[in-house]
Amino acid sequence: MSHFEFFIWSFIIGVVAGFFSCNAGENQIVDMSTFHIQEGFNLELIAAEPLVMDPVAMEIDENGRMYVVEMPGYPMDVTGSGRVKVLKDNDGDNIIDESILFAEGLTLPTGIMRWKSGVIVTDAPDVIYLEDTDGDDVADKREVLLTGFSLSNPQHNMNTPKYGLDNWIYLGHEGAFITKAFVEEFGDQGSEIVFPGIPDSPTLPPNANERSVRFRPNQGLLETLSGKTQFGYTFDNWGHLFNSSNAMHLWHEVIAARYINSGNLGASSIMDYLPVDGPGIEVFPTTRNPEHQLLTDIGVITSACGLTWYQGGAFPPEYDRVCFSAEPVHNLVYAEIVEPDGASFRSQRMFERTEFLSSEDSWFRPVNFYIGPSGALYLIDYYRQYIEHPEWMAEDVVQSGALYNGQNKGRIYRIRPWDAEPDEQSISSVDGTDLIPFLAHPNIWHRRNAQRMLLDQPMSEELVDSLIEFALSTTSSVGLVHAMWTIEGIASFSEDVIRKGLSHGNPGVRENSIQIAELHWVENRNLLPLIFALQKDPDPRVRFQLLCTSALIHDPAAKRVFEKLLLSDISDEWIQRAALASSGEQIMDLIQFVIRSAADDQFHQAGPFIVKAAEMVSREGQAEKAKELISLASKNGRSGNEWWRSAVFEGLASGLRPGTAEKIPQLQVNSLLDFFDVNVDPDLRRSAMHLLTRTVTKNSIPPAQLKLAVLAIEESASNPELAIDAITILEIEGISAYVSQLESLLDPSQPVEVQERAVSALHTAGASWFGEFIFGRWQDLTPSIQKQAMSLLIINADGMRAILSAIRNGTIHRSNIPWNYTSRLMNNSHPEIRQEARSLLAGDELPREELFEKYRPALEGTGDLTNGKAVYELVCSTCHQIAGDDGLDFGPDLAPIRNRSKVAILNDLLFPNLAIADGYGTWEISLENHTEPIIGVISEELNEAIVVKDATGKETIISRSEIASLKPLSVSAMPAGLENQITVEQMRDLIEYLKRPYL
């Protein structure tokens, strides 16, 4: 589609939308031209205010009836303003024209799911069943199914009921948010999770231990999951569960709760963050005048929610592996491609420098999605001026009276390919065995509803036989999986079906077949050889599932399969973690099995497994086992078997707690001291020293070891590895007597790792002293050491006060503080730190010079993108790039600048020395035996050298031993005086281009 065609199409849609909205009773035109959607798709407005307001979730039942959950109470109203509406299209034009109030009096409802003859709605603290028994589209039956969830910050409440492939109902849950500002409103921590209407039913710990939950109300079954999510989660076709949490927008729950037999496993041990680019994924909004608040992390994913794996079958095939995330803060929809990777997955953005959908309207707030009967993707737009919670806002905004601007608005859009039919469908007239073929439908809406409805049918021999016949004859992989779980759900079992599944060509089918066989192995032991034969399956996730299942099967053959799988796939991080999660009391046997069985070419992979295993032993407080491991790793002296001995020491050190450390005998502590020797393998020595710091008491180092440590520091240049371990020895003895020795190491001629270790040790002398010490010599420290010091100062109140004091007195500029530290300071639990941080770090510092006033008109109106690019190429590209292109790589990349306000961009352009970007200060390096110093930015720091880049982009490697002095110049490499090169009009164009360089 050409830009002209797109414009015409958008104009037509906008006119239709405007006509619809006016007929709906409000003079509100939805300007569809503000949207940018990927080519090949239509974005259609199907409902808007006043028919729908403040929508957060929806469901379309088998009759084609649309339910919408409305949450007008966000962010602070808990008086019961929440609602559920039924929306209808009475004239068949696929546009909603009637709204009926189905239920009201809800607090902060967060999700809805079709169930039996009604719907399940999540509304903390309750999970509620609502039903219309007389056919008037108004609920007259209300029953609390579950209760006990915390009524916390609405962004964190229990949410999104979904019917799982395995016939369980899933609930997203993250746990109570510990509010600092609104304790009275949202300080609830929850209680035990119970079925209030089912006596003697299962009970979960208070607030479900901050984990997601699944339940089966008919059977009275209730379980916590191993992972957690914020608002929204999703499944793929094979039942893999994916979670989301604000900036960390896509997680895979790799290890299910039923396979965990060891305590103290945090979410990070069982959930895998998938994006290859790590957290803080850059986004590309097109918002004209964004509404960003005090603690909004701008330009990166920060509010991801409504995670949805597309399974509608109507989009192009490449979308079958795409997860959509709503990003309401940046007014866009983010698309992520997910690919298999070992036992888990990896993902990356689908589109380069653009998004699947974005809007120029700052009130566009996508929060959720729904896949409809035709395969279209419904998008739910909360449409508010403010979407951030007051917890993260400036006080003046909270008190402005504008928090609820847009409370009477809300939109629902439908996204479909150009050539797809919009007509929605129903299966209300289908009954009994006629539902079975829908289990193989390409759209998850049909499959899920058919499966749910089949389980609601009266149990009959005909139904069971028909399901088995379908499963044995279908050529659809997803159809077979849904059929298998439907058979399981009606309490039946077919060995023939499971045999077919175990030998199926699709790995997802084989995974699910193992899971179902796992439930029946006791009465069907003849299935075990078929299951165990999959230990050589070519698909890593099938082997992973088999390892998890074999840990639950109490059979000698299962143990042998488990061990073979662990050893053959020990390079897979998740095979390691799953083996440990299931080990329980057998963990020592597992450690010794790997030590005994690992081949020479497996040491590199087996070492990390031993680290994790030893860490688990110490973290769980198993003192006797910890002592056994120390003896095992120490008994061979200082050499031999270094790979697993260092792994044992490192793992024990990482997980050791004070109560366990106190039970380590002095004899074993002394054996660790023996490893501080120049002739010991460096990795083994380092890990022994790490464990030593966790087991030995202060002031207990023998004089001979102290003397060796001081000598090692004095000769650090010849053996930096030994010097780093020597610092550990001095740290144990008590650092106050050795401050001068450590200070001598803070010199640019020293390896960076030695300097970093010295800084860390000096910090143990006391945070308040450390802050004064560090900022007293701040200008003498290289960027990497400054960064290390800052990471230590930010961890406690005294260090934070030192940071704020340094900003106040001008030692450092606020721009030197990384964003995550800024957020921590500005939302601190100490009121005085929070208030001062907001005073020092918030807002734009605007100089009052006449120069700024001269260029202020450049902030008005809209600049020309083409002219702006020309100005950029003339005055900016000589030092800068945008996302790695179009210029010289000397100064900071300007891609993120588009997320800043125009006034902040103008301020930086006119007065570059007021806020030098972190890492781009100019340094003067004087060298031994050189008359002329080298001036540039330090682009990289290595142990033996630093890399300096000059204004031409040329990099010079300077050996640390050559450095005579290193001095920051406290000026930006970007020269002042831009005003002498461009006019006010050109400045307007330049700012417009920097705000929207990809359009």
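Figure 1. The structure shown is a predicted model, and the count of cavities of 30 Å³ or more comes to five. The largest cavity has a volume of about 460 Å³.

**Figure 2. The lining of the largest cavity.** Several elements each supply at least two residues of this lining, among them strand 3 (55-60), strand 7 (111-115), strand 11 (159-163) and strand 17 (233-235). Strand 21 (305-309), strand 26 (366-371) and helix 5 (444-456) also each supply at least two. The largest share, five residues, comes from helix 5. By residue class, the lining divides into 15 nonpolar, ten polar and five charged residues.

**Figure 3. Helix 22 and the residue that follows it.** Helix 22 comprises 14 residues, 720-733. From its first C-alpha to its last, helix 22 reaches 20 Å, which is close to the 20 Å expected at 1.5 Å a residue. In an α-helix there are 3.6 residues a turn, so residues three or four places apart point the same way. Twelve of the 14 residues of helix 22 are buried, so this helix is largely enclosed by the rest of the structure. The buried residues include L722, I724, I727, I729, L730 and I732. D725, T728, E731 and E733 are also among the buried residues of helix 22. After helix 22 comes G734, whose phi is positive, near 125°.

**Figure 4. The surroundings of H173.** H173 is found in the loop between strand 12 (169-172) and helix 2 (183-186). The relative accessibility of H173 is 0%, under the 20% cut-off, so H173 counts as buried. Leaving aside neighbours within four places in sequence, the residues in contact with H173 include F149, S150, M158 and N159. N207, A208, E210, R211 and S212 are also in contact with H173, as are K228 and T229.

**Figure 5. Two buried cysteines.** C305 has a relative accessibility of 8% and therefore counts as buried, the cut-off being under 20%. C876 likewise counts as buried, because its relative accessibility is 8%. A disulfide is a covalent bond between the sulfur atoms of two cysteines. A search of the whole structure finds zero disulfides.

Notes
Residues are numbered from 1 along each chain as its sequence is written. This is a predicted model: local features need pLDDT of at least 70, side-chain atom pairs count only at pLDDT 80 or more; totals for chains, interfaces and linings use all residues. Side-chain values use heavy atoms; hydrogens and water are left out. Helices (H or I, at least four residues) and strands (E, at least two) are DSSP runs, numbered from the N terminus. The expected span of a helix is 1.5 Å times one less than its number of residues. Buried means under 20% relative accessible area, exposed over 50%, partly exposed in between (1.4 Å probe, protein chains only). A disulfide is a pair of cysteine sulfur atoms within 2.5 Å. On a 1 Å grid over the protein atoms alone, a cavity is a set of points where a 1.4 Å probe fits but cannot get out, and a pocket is an open set with protein on both sides within 12 Å along at least five of seven lines; lining residues have an atom within 4 Å of a point. Grid points are joined across faces, edges and corners, and a volume is the space filled by probe spheres set on the points. Ala, Val, Leu, Ile, Met, Phe, Trp, Tyr, Cys and Pro count as nonpolar, Asp, Glu, Lys and Arg as charged, and the others, Gly among them, as polar. Contact means heavy atoms within 4.5 Å.
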